[in-house]
Amino acid sequence: MKKIRLIEVKSELGAGKRGASLGVDALKIACLNKGSDYFKRFTSVEVPNFNDVMFEKNLFPHAKYIDSILQTYKRISNTVEQTLELGMFPLVLAGDHSNAGGTIAGIKATYPDKTLGVIWVDAHADIHSPYTTPSGNMHGMPLAASLGEDNLDCKTNEPDQETIFFWESLKKVGTEEPKIRHENIVYIVTRSYEKPEVYLFDKHNIKNFTYPEVIAKGVEQVAEEALYRLRDCDLIYVSFDVDSLDSKFSKGTGTPVEVGLNVEQAKQLCYHLVSHPKVVCFEMVEINPTLDAENTMAQNAFDILEYTTEAIQNRLAQEAQAAPTA
């Protein structure tokens with residue numbers, strides 16, 4: 001049977017607020033408090049980070065710390081690729097959401113000829129480029145990097161040549177070509193975005209299952225429809241940002257947004273998504289205990305993580321049973 005491998009990525013270079021680097025350890029504290037042996041059950045590997053550069057002056061206002069984020073992407077990509085080549089299921093626990101670009105690069109590096117679909121469970125669209133970003137924070141850019149999308153039609157910034165060099169390099173981590181196509185992205189409960197991102201939604205008919213839609217249909221139906229939209233994809237990656245939860249449940253994250261999922265809805269949604277045989281990787285991001293009280297965010301996130309992991313294990317066991325013996 002395939003085994004799950006935990007990949008710990010404590011980089012927080014892409015976030016606007018510091019503290020996401022502590023998210024993995026906050027999950028471990030929540031695990032201990034719950035009396036769970038979760039982190040003893042799985043092999044894990046930690047991707048070295050460059051968080052110390054945040055003590056230095058940022059030189060790239062339209063793509064903060066992009067030089068170090070490029071190196072982080074490469075390390076994440078290599079670790080994800082190695083994990084998949086070992087026949088293991090990568091379960092990524094990361095700091096800020098910029099790291100997802102490295103995860104996507106690693107999946108595509110392993111399967112360059114496969115079509116990859118992305119299910120992005122997040123309050124934010126994360127499809128800005130250095131040409132459109134209002135903040136320069138790179139946790140708003142991982143999908144644009146994976147798409148090779150500059151969105152010059154909505155250009156508002158003039159990044160310098162060094163920024164452009166690193167941005168072009170970022171797009172080519174894992175594979176030279178774009179990792180994903182616009183039509184192979186599905187958003188769930190995304191509700192905070194800017195005009196350049198809406199422009200891309202409309203231009204490419206990108207689907208976002210809004211929170212009212214989730215309430216009307218139920219999470220199981222939304223999961224089924226999201227997976228069906230990616231039926232022509234060979235592989236699927238599920239990325240779960242904890243700010244997809246309503247801000248009542250997600251104080252401990254950098255950019256909480258009202259009117260989102262509750263913990264039970266998130267558990268059921270992720271459970272149904274990762275139970276699909278095409279899902280090859282799951283990632284959880286943006287837990288920031290410095291913005292929290294009594295580690296509540298990590299406790300909620302750990303409940304979701306444990307429940308989701310159970311679904312992955314059940315699926316892998318079923319696949320192992322169904323596999324023909326030599």
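Biologist: Which residues does Ser-36 touch, not counting residues up to four places away in sequence?
Modeller: Keep in mind that this is a predicted model. Ser-36 touches Cys-31, Arg-41, Phe-302 and Glu-306, once residues up to four places away in sequence are set aside.

Biologist: Where does Ser-36 lie?
Modeller: Ser-36 is in the loop between helix H1 (23-34) and helix H2 (38-41).

Biologist: And is Ser-36 buried or exposed?
Modeller: Ser-36 counts as buried, because its relative accessibility is 16% and the cut-off for buried is under 20%.

Biologist: What does the side chain of Ser-36 reach?
Modeller: The backbone nitrogen of Tyr-38, at 3.0 Å.

Biologist: How many Å separate the C-alpha atoms of Ser-36 and Gly-14?
Modeller: Those two C-alpha atoms are 31 Å apart, and the residues are 22 places apart along the chain.

Biologist: Which residues sit on each side of E1?
Modeller: Ile-4, Leu-6 and Glu-8 are on one side, with Arg-5, Ile-7 and Val-9 on the other. Both faces of E1 are covered. In a regular strand, side chains alternate between the two faces of the sheet.

Biologist: Which strands is E1 joined to?
Modeller: E1 is joined to E3 (residues 89-94) by 6 bridges, and the two run parallel. E1 also runs parallel to E2 (residues 43-47), with 5 bridges between them.

Biologist: You mentioned Glu-8 on E1. Which residue forms a salt bridge with Glu-8?
Modeller: Lys-28 does, with the closest N and O atoms 3.0 Å apart. This pair links distant parts of the chain, with Lys-28 in helix H1 and Glu-8 in strand E1, 20 residues apart.

Biologist: Is each of them buried or exposed?
Modeller: Glu-8 is buried, with a relative accessible area of 3%. Lys-28 counts as partly exposed because its relative accessibility is 26%.

Biologist: What about Lys-203, which residue does its side chain meet in a salt bridge?
Modeller: Asp-153, at 3.9 Å from N to O. Here too the pair links distant parts of the chain: Lys-203 is in helix H7 (residues 195-204), Asp-153 is in the loop between helix H5 (142-147) and helix H6 (161-171), and they are 50 residues apart. Asp-153 is exposed, at 57% relative accessible area.

Biologist: Which residues are linked in a network of salt bridges?
Modeller: Lys-207, Glu-213, Lys-217 and Glu-225. Within it, Lys-217 and Glu-225 form a salt bridge whose closest N and O atoms are 2.8 Å apart. Lys-217 is partly exposed at 36% relative accessible area, and Glu-225 is partly exposed at 23%.

Biologist: Last one, helix H10. How far does it reach from its first C-alpha to its last?
Modeller: H10 covers residues 263-274, 12 residues in total, and reaches 17 Å, close to the 16 Å expected.

Biologist: And which residue caps the N-terminal end of H10?
Modeller: Asn-262, with a side-chain oxygen 3.2 Å from the backbone nitrogen of Glu-264. The buried residues in H10 include Val-263, Ala-266, Leu-269, Cys-270 and Leu-273.

Notes
Residues numbered from 1 in each chain as written. Predicted model: local features only at pLDDT ≥ 70, side-chain atom pairs only at ≥ 80, totals over all residues. Heavy atoms only, no water. Buried < 20%, exposed > 50% of the residue type's maximum accessible area, 1.4 Å probe, protein only. Helix = DSSP H or I, 4+ residues; strand = E, 2+ residues; numbered from the N terminus. Pairing = 2+ DSSP bridges. Contact = heavy atoms within 4.5 Å. Polar contact = N/O pair within 3.5 Å; in protein donor to acceptor, adjacent residues only side chain to side chain. Expected span 1.5 Å × (residues − 1). Salt bridge = Lys/Arg side-chain N within 4 Å of Asp/Glu carboxyl O.
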